Amino acid sequence: MKRAASVGALLWTALAMIATTAEGTEAPKPTVSEVVVERSRSVAPDRDADPVLNNLERRTFRFFWNTTNRDNGMVPDRYPSPSFASIAAVGFGLTAYVAGAERGYVSRAQARLRVLRTLRFLEQLPQGTAETGVAGYKGFYYHFLDMQTGHRFGTTELSTVDTALLLGGVLLCQTYFDRDHVQEREIRELADKIYGRVDWVWAQNHPPIISHGWRPESGFIPHDWHGYNEAMLLYILALGSPTYPVGADAWDEWLKTYKNSWGEFGGQTFLAFGPHFGHQYSHVWIDFRGIQDSFMRSKGIDYFENSRRATYAQRNYAIENPMRWRGYDSEIWGLSASDGPADTVQIFNDEERGFFTYSARAAAAPHLVDDGTIAPTAAVASIAFAPEIVIPTIRAFRARFGENLYQRYGFLDSVNQSFDYKDVTLRHGRLVDGIGWIASDYLGVDQGPIVAMIENYRSEVIWRTMQRNPYIRRGLERAGFTGGWLGTAPPAPATTPPSGS
């Protein structure tokens with residue numbers, strides 16, 4: 001108890017120093033119940049006194065701050081391997097800058113400038129039907145872009161969901177940078193232009209459902225977004241659009257396949273989606289606590305509770321460990337889309353087992369893909385749903401794997417303790433004696449939910465900011481969501497210093 005009190009006292013001192021230097025004025029002295037950072041929010045002591053969480057969030061934030069092209073805001077899909085940019089990772093980067101400014105990792109002015117450069121670049125990138133030399137079409141962006149030019153990389157698809165993940169970050173910055181400052185006014189204007197030109201109606205190749213994407217060489221991809229998965233955010237943005245909104249029947253169509261995914265798995269009854277990112281991505285920007293659409297009202301829960309149950313189911317699956325992989329237990333768990341060792345079949349426990357490189361690993365009925373590869377993002381980015389089981393897992397990852405897994409920018413993408421086949425050519429990663437295979441890269445779309453959801457757990461700043469965004473509120477209301485914070489007036493912006501800061 002004495003040691004914990006000492007750590008807490010040091011934290012208050014450090015945060016007060018950050019508040020003083022960030023704005024150039026003396027910060028108010030902290031009280032027992034709160035401490036103010038950059039005069040913009042209250043910090044919950046019980047959630048901010050954990051140095052392990054703070055170190056992880058800071059390191060993961062630095063991934064975006066340091067690896068992004070500072071001239072144009074393009075975020076690499078992976079690092080340190082040579083990589084193109086991921087448009088979804090750009091959205092997570094924009095979100096990380098808000099968390100970094102709130103947390104004092106960078107000043108508000110630094111975050112503002114990085115956001116402004118990113119939005120300026122995105123807004124001026126050429127769009128059109130050409131196969132090369134453009135970044136997108138109809139307001140949507142290609143999944144992968146060149147890190148320097150921002151133009152389409154290879155023959156990658158125009159991605160509706162990855163554009164939606166970008167827009168989550170764009171709209172967060174639009175609402176967060178709310179001061180009467182010339183740069184913040186420009187951020188808000190650029191965000192409106194970028195969001196407003198997305199033609200969601202055009203993307204309804206089979207109305208009222210929305211297509212996965214499009215290629216200039218072949219037209220629309222023969223797949224549409226049916227629920228339940230990470231595309232919840234996509235539909236909410238399409239419903240909330242001020243320029244090209246889809247009809248409310250799009251959400252009704254989205255809900256039609258839910259009956260195929262509701263059931264029991266891992267001792268929990270919930271709406272299932274195998275790779276755990278499907279339970280996390282939309283929650284980065286939208287606080288689903290207490291708000292319900294027609295389906296969730298019929299089940300008596302909300303999407304936040306659904307993700308909490310899915311998180312427990314993932315952990316319970318690892319405890320049961322039906323495939324008898326090495327290392328699975330109550331503290332090492334989490335299947336999601338992640339890097340893996342190799343596409344190969346090997347003998348493990350006297351059985352033929354398949355292993356994969358990058359794959360959407362999954363633990364949910366009826367979707368099960370498990371090759372022994374654990375992705376820290378699956379557990380860590382669920383911290384807001386179930387901190388009581390996630391925080392011990394964060395500590396266990398660090399304790400068991402040390403610097404082999406936890407490095408400059410936080411957790412490397414994944415680990416597989418069952419893969420130790422030295423005669424197999426690896427696509428990514430390396431073998432570590434006594435551990436097994438460990439990834440060698442960080443992935444932007446796995447790093448993003450880590451920093452964002454830790455911040456949502458600690459301060460709720462992303463959620464509270466997006467509650468003030470009129471487009472998000474409109475999209476939710478048109479989808480039939482009611483209750484909770486939707487039934488109240490939007491929260492007022494935080495008190496801020498004069499416009500010159």
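1. Asp 178 is partly exposed, at a relative accessible area of 25%; that class runs between buried (under 20%) and exposed (over 50%), with a 1.4 Å probe and protein chains only. The model is predicted, so local features need pLDDT of at least 70 and side-chain atom pairs count only at pLDDT 80 or more, while totals for chains, interfaces and linings use all residues. Residues are numbered from 1 along each chain as its sequence is written, and side-chain values use heavy atoms, with hydrogens and water left out.

2. Asp 178 pairs with Arg 468 in a salt bridge at 3.6 Å, N to O. The two residues are 290 apart: Asp 178 sits in the loop between α6 (160–176) and α7 (182–196), and Arg 468 in the loop between α16 (461–466) and α17 (470–478). Salt bridge here denotes a side-chain nitrogen of Lys or Arg within 4 Å of a carboxyl oxygen of Asp or Glu. Helices (H or I, at least four residues) and strands (E, at least two) are DSSP runs, numbered from the N terminus.

3. Arg 468 is buried, with a relative accessible area of 18%.

4. A second salt bridge joins Arg 324 and Glu 351 at 3.3 Å, N to O. Arg 324 is in the loop between α12 (303–320) and β13 (337–338) and Glu 351 in strand β15 (residues 351–355), so this pair ties together parts 27 residues apart in sequence. Both are partly exposed: Arg 324 at 42% and Glu 351 at 32%.

5. Glu 351 also forms a salt bridge with Arg 353, the closest N and O atoms being 2.9 Å apart. Arg 353 is buried, at 5% relative accessible area.

6. Over the whole structure, the search finds 24 salt bridges.
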